[in-house]
Amino acid sequence: MRNEQNNKLKKNKAILKSKKSIVETYKVICEFHEKYLKQFGVKLPKLYNSQNVFTKNALVLVYLAHNYPNTRKVTKEELTRFVRSYYPNTNDVQQARHLGAQTGWWIVAGGRDNIVLDIERGTYQLYTLEQPYPSFKKGHRISKTDTWDTIKEKYGFRCAVCGSQEGKPHLHWPATKTVLQKGHMDPNKPLLAGNIIPQCQKCNRGDRNRWVYNEKGRVIKLADANFVKNFDKNVRQKIYRVLYNEFKGKNPNLEKNL
Ligand SMILES: [Zn+2]
C-alpha cells in the first residue's frame with residue numbers, strides 16, 4: 001500500500017516536473033482567468049521572466065492548480081521543493097499566501113480562521129478558478145470612482161466598524177435605527193471616494209476623528225496627536241522614549257522653525 005502511494009507520489013511529481021505539463025496547466029489557468037477572474041482585478045502571473053525561466057508565482061500557481069478541478073492540499077515544504085527545481089536557492093516559498101489574499105486567487109491557507117476547507121496550518125489548496133478570493137469580489141476595495149450607493153453596497157449596507165445594518169436596529173443600541181453616514185478613513189484627508197467608509201451614526205461621532213481606519217473598519221493609526229494625553233502613563237513614557245530616540249533628543253518642531 002505504502003509503495004503504491006510512493007509510486008503515485010513519484011508519478012505526480014514527474015508530471016509536474018515536465019515543462020510541457022507546466023505550460024499546459026498554465027494554459028488552463030489562463031482560460032479560467034480570462035473567463036471568471038480578470039473582471040475582478042485578479043492578476044495573472046507571467047509564465048516566464050525576462051530570462052525565459054518560469055516565474056516563481058507561475059510555478060506555485062501551476063502546482064496548486066494541477067489536475068484542476070481535482071486540486072489537493074499541498075504543504076509549504078512540497079511547494080518549496082518544487083520551486084527549488086527551478087530556483088535552487090529558494091528557502092521559503094511565500095507565493096501561495098501572496099497569490100491568495102493579495103493577488104486574488106482563491107487559495108485557502110490552512111490553519112487560519114478559514115471556513116472554506118478543513119486543512120491544517122502550513123498547507124494550501126486552490127479552492128476554485130471560477131471565483132476570486134472572497135474579499136476581491138465582495139470586499140472592500142473602494143475605488144475613487146465609487147458612488148456613495150456603490151460604497152454602501154460593497155459593505156452590504158452595514159457600518160464598516162460595528163456591522164450595524166442600515167434601517168435596522170443598531171447592534172449595540174437596539175432602540176436606535178441605524179443610519180449610515182459617510183465616514184472618513186483618514187480624518188486628515190478630504191471626505192472623497194477612496195477615503196470613505198460607511199459608518200453608522202454612533203461610530204461616526206466627532207470624537208472618532210481621533211482614528212485612521214482601514215477598509216475593514218479597523219483602527220490602524222492615531223489621527224489626533226492630542227489623544228496621547230488620554231493614554232496611560234506607562235504608554236506615554238514608552239512613546240516619549242520612541243520619539244526621543246527618533247529625534248535624537250532634539251525638539252523637531254523647534255528645528256523646523258530655525
Ligand atoms: Zn457602527
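Before looking at any pair, I wrote down the rule that angles under 35 degrees count as roughly parallel, over 145 as roughly antiparallel, 65 to 115 as roughly perpendicular, and the rest as oblique. I also noted that the model I am reading is a predicted one.

**Entry 1: a pair of helices.** I looked up helix α3, residues 56–65, and helix α4, residues 76–84, and found that their axes come within 10 Å and cross at roughly 130°. The two helices, α3 and α4, are therefore oblique to each other, and the crossing in which α3 passes α4 is right-handed.

**Entry 2: what meets there.** Which residues of α3 meet α4? On the α3 side I listed K56, L59, V60, Y63 and L64, and on the α4 side E78, L79, F82 and V83. Sorting the residues of this contact between α3 and α4, I got 7 nonpolar, 2 charged and no polar ones.

Entry 3: I then turned to helix α8, residues 233–246, whose 14 residues reach 20 Å from the first C-alpha to the last, close to the 20 Å expected at 1.5 Å a residue. Is α8 buried or in the open? The number of buried residues among its 14 is 0, so α8 lies largely in the open. Following α8 I found K248, which has a positive phi, near 50°.

**Entry 4: the whole protein.** Stepping back, I recorded 9 helices and 7 strands, and I noted that buried residues make up 34% of the 258 residues. Among contacts with a separation of 6 or more, 47% are between residues 24 or more positions apart.

Conventions
Residues numbered from 1 in each chain as written. Predicted model: local features only at pLDDT ≥ 70, side-chain atom pairs only at ≥ 80, totals over all residues. Heavy atoms only, no water. Helix = DSSP H or I, 4+ residues; strand = E, 2+ residues; numbered from the N terminus. Expected span 1.5 Å × (residues − 1). Buried < 20%, exposed > 50% of the residue type's maximum accessible area, 1.4 Å probe, protein only. Axes fitted to C-alpha atoms, helices over the stretch in contact; angles between N-to-C directions. Left-handed = near helix turned anticlockwise from the far one by under 90°. Contact = heavy atoms within 4.5 Å. Nonpolar A, V, L, I, M, F, W, Y, C, P; charged D, E, K, R; others polar.
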